[in-house]
Amino acid sequence: MYIYDDFDRTLLDERVRDFRDQVARRLSGELTEEEFKPLRLMNGVYLQLHAYMLRIAIPYGTLSSEQMRMLAHVARRYDRGYGHFTTRQNIQFNWIKLEELPDAMADLARAGLHGMQTSGNCVRNVTTDQWAGVAPDEIEDPRIWAELLRQHLTLHPEFSFLPRKFKIALTASAHDRAAVKVHDIGLRMHCNGAGETGFEIIVGGGLGRTPFIGKTIKPFLPKRDLLSYVEAIMRTYNQYGRRDNIYKARMKILVHDLGAEKFAHEVEEEWLSIKDGALALDPAVVADIAARFRYPEYEVLDDNPPELARAREDERFRGWLDNSVTNHKRAGYAIVTLSLKPEGGPPGDATAAQMEAIAALANRYSYGEIRVGHEQNLALPHVAQRDLPALWRALDDIGVATPNVNLVSDIIACPGLDYCSLANARSIPVAQEITRRFRDLDLARNLGRLHINISGCINACGHHHIGHIGILGVEKNGEEYYQVTIGGRADENAELGTILGPAVPYGEIADVVEDVAAAYLELRARPDELFIDTVKRVGVEPFKERVYAAR
Amino acid sequence: MPLVKEGHLVEDRFVRVLDDAPVPEGVSVILPAARLLADARELVMRQAPTGVIWPNDRKVAELVPYLDWLALVALVFPNFRDGRAYSQARLLRERYHFRGELRATGQVLRDQLLFLQRGGFDAFEVTKDADAAAFAEAVGRYSVFYQPTGDGRASTLTARRARGPSMTFKGRREYLADSRSR
């Protein structure tokens with residue numbers, strides 16, 4: 001947990017005051033809607049189909065139980081009693097009144113939460129591995145660097161009016177759980193031959209209507225240079241990124257048009273002029289940030305305690321344990337994923353009552369800490385293995401123990417046409433229907449790891465390009481149609497999916513997904529060959545033949 | 001258009017010279033970029049101050065040969081969402097050490113003023129009268145700055161260090177209790 005100091009708190013209070021004044025000027029007509037729009041966006045306020053939507057940042061996916069309770073409070077007091085966790089470690093409230101927004105933000109600020117830069121053409125919430133600090137395979141805790149970047153890029157006077165939004169993600173594990181290759185800047189921490197850790201710099205990734213996998217422009221950047229190098233990238237983009245066409249304004253287009261090499265050269269030249277200036281990171285500064293991350297005082301425990309062995313005899317518990325519980329770097333502890341994908345539910349939604357219950361469980365079993373991942377699930381990162389049976393019962397009671405993590409019904413979806421003014425088609429009901437089709441856990445387990453991503457329009461908020469099965473809502477003659485891709489992935493081997501065939505109408509999309517799943521079962525070489533590996537091996541054609549034969 | 005300098009509304013003593021119009025003697029002028037580049041030899045001899053309005057899609061490095069005698073560089077915000085001139089301003093101040101007047105022109109609104117000032121602007125052609133009148137309030141809204149620029153304000157990185165390693169902070173619980181009682 002990062003603990004705010006008086007600087008951080010003062011800035012948040014000042015930001016709330018600032019926003020309150022902006023809202024007052026909007027309400028009095030002093031600001032036009034056009035002038036107000038970028039200001040509200042930079043505070044996370046969108047105008048959606050039915051109401052204003054407030055997006056709150058959960059930096060690097062770490063929440064305290066107090067913060068979770070505050071989110072529950074906001075859901076109850078200002079919204080309709082629930083919130084929606086997004087793919088970028090944010091939470092959205094969909095029904096907030098403009099007049100009440102400053103009060104909601106003031107409440108959030110009391111818990112160190114804010115909506116700063118969660119939308120608009122500025123640097124968005126810096127995201128990372130939701131298991132940061134507890135994953136057994138990580139080099140070091142990437143959140144310290146995420147926090148340094150967060151601070152440096154918050155209200156940055158040079159980069160608050162960029163050509164377009166700007167997303168940064170980082171990971172310190174060999175297995176990338178932060179999808180860094182589909183971000184404007186992706187950072188992967190590595191250890192070099194001399195035993196120093198540093199960053200691989202990947203730029204120009206992104207989804208949306210022109211998806212690109214990012215390209216490495218620097219294989220190893222020393223830590224002291226992180227801020228100056230990022231500043232050089234941002235400055236290059238701010239000056240040369242296109243501003244004539246909103247659809248060509250992301251940095252990925254600039255990187256593509258210039259070519260990664262030329263882009264890297266521009267950045268390098270800029271960086272050489274600033275690298276030894278005020279942004280060179282003094283180890284004392286880094287140590288100061290690191291010192292404000294609080295870690296649990298773990299007990300000395302053994303793996304596989306007797307309580308766990310006994311509980312394993314219960315088949316339901318065992319199913320959940322095998323699916324939702326992961327190794328922790330400390331012996332005797334575990335990381336527990338809480339599925340926000342119940343059968344028939346909108347992916348990523350949590351009610352205020354669930355949030356409060358999760359906060360209480362985090363206090364009791366996870367040192368008061370909760371994580372939010374880009375798959376729109378939550379996690380309790382520090383659970384003693386002996387507590388798993390009791391925790392499971394409590395999670396099951398509140399409906400967040402569906403053992404479908406990483407399975408076919410663990411769907412990532414954007415809000416779609418039910419909420420969003422940009423969408424062409426609904427996402428949530430499609431997700432809900434698919435979870436019903438695959439409610440049989442034996443079937444889901446037999447299918448194994450299978451990520452479905454659904455976007456209601458080409459802006460790709462549901463990251464359909466990188467779903468093992470991607471579903472994109474399109475509009476055809478005023479009707480909702482869906483285009484299916486297969487073979488996408490977001491990890492260290494990131495790839496974009498390939499289109500399977502013609503788009504199908506709303507009424508058929510769940511059938512198509514079932515047919516794709518059936519085709520996989522037929523095509524896989526062995527029961528343990530994952531869907532994504534089968535697609536890689538056999539290509540799209542055999543799937544296409546099977547799925548479209550009868551259509 | 002109200003002009004704010006050093007925090008106050010002031011009379012603009014500079015005159016804009018359009019394209020090929022003659023440059024008046026003894027008067028402070030702002031010239032188009034092309035005119036400066038074409039006539040620099042003569043302009044440097046002028047007795048009165050000379051300035052230039054520089055477009056936001058042209059490298060400010062081109063201005064370097066003229067910076068020691070230019071009295072003013074005006075940078076342009078064609079609309080307030082176009083932030084290219086923030087980078088130009090920082091480069092002029094921090095890399096090329098321009099010490100003359102750096103003026104923000106175009107659509108300049110209240111909520112940009114602090115960002116502009118932090119980037120090195122010291123003169124502002126503010127679009128709305130009410131925003132110009134609120135200048136002091138607008139640039140005084142924040143007391144904490146996370147990142148260093150050339151504006152001389154201490155960033156938290158250095159401020160924290162200056163406070164020394166013994167820095168104390170309240171735990172979240174205390175903070176919550178504290179803010180409730182506020």
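Reader: In which sense do β6(A) and strand β7 of chain A pair?
Author: They pair in the parallel sense, over two bridges, with β7 covering residues 168–171. Pairing here takes at least two DSSP bridges between the strands, and strands (E, at least two residues) and helices (H or I, at least four) are DSSP runs numbered from the N terminus. This is a predicted model, where local features need pLDDT of at least 70 and side-chain atom pairs pLDDT 80 or more, while totals for chains, interfaces and linings use all residues.

Reader: And what stands opposite A:T127?
Author: A:A169, in β7(A).

Reader: Which sheet has those strands in it?
Author: An open sheet of five strands in chain A, in the order β6-β7-β8-β9-β10, with mixed pairing. Its edges are β6 (127–128) and β10 (215–222) of chain A, each pairing on one side only.

Reader: Which helix lies across β9 and β10 of chain A?
Author: Helix α8 of chain A, residues 260–274, does that, and it runs at about 35° to β10(A). The angle is between N-to-C directions, from 0 to 180 degrees, of lines fitted to C-alpha atoms, for helices over the stretch in contact.

Reader: How are the residues and chains labelled, by the way?
Author: Residues count from 1 along each chain as its sequence is written, while chains are lettered from A and ligands numbered from 1 in the order they are written.

Reader: OK, zooming out: how many helices and strands are in chain A?
Author: Chain A has 18 helices and 21 strands. Its radius of gyration is 23 Å, close to the 24 Å that the globule rule gives for 551 residues, so chain A is as compact as a globular protein of that length. That radius is taken over C-alpha atoms, and the rule is 2.2 Å times the number of residues to the power 0.38.

Reader: How much of chain A is buried?
Author: Buried residues are 58% of the 551. Buried means 20 or more other C-beta atoms (placed from the backbone) within 10 Å of the residue's own, exposed means 12 or fewer, and partly exposed is in between.

Reader: Which residues have the most contacts inside the largest nonpolar core?
Author: A:I358, A:V516 and B:V73, in a core of 211 residues. Such a core joins buried Ala, Val, Leu, Ile, Met, Phe, Trp, Tyr and Cys through C-beta atoms within 7 Å.

Reader: What is A:V516 in contact with?
Author: Leaving aside neighbours within four places in sequence, A:V516 is in contact with A:I469, A:I486, A:F543 and A:V547. Contact means C-beta atoms, placed from the backbone, within 7 Å.

Reader: How many residues of chain B are in contact with chain A?
Author: 33 residues of chain B, which meet 39 residues of chain A. On the chain B side, α2 (84–95), α3 (113–119), α6 (156–162) and α7 (172–181) each supply at least two residues.

Reader: Now A:L155: where is it, and is it buried or exposed?
Author: A:L155 is in the loop between α5 (143–153) and β7 of chain A. It counts as buried because it has 23 C-beta neighbours inside 10 Å. Its phi is near 50°, a positive value in a residue other than glycine.

Reader: What about the phi of A:N406?
Author: That one is positive as well, about 70°, and A:N406 is not a glycine. A:N406 has 16 C-beta neighbours inside 10 Å, so it counts as partly exposed.

Definitions and conventions: Contact = placed C-beta atoms within 7 Å.
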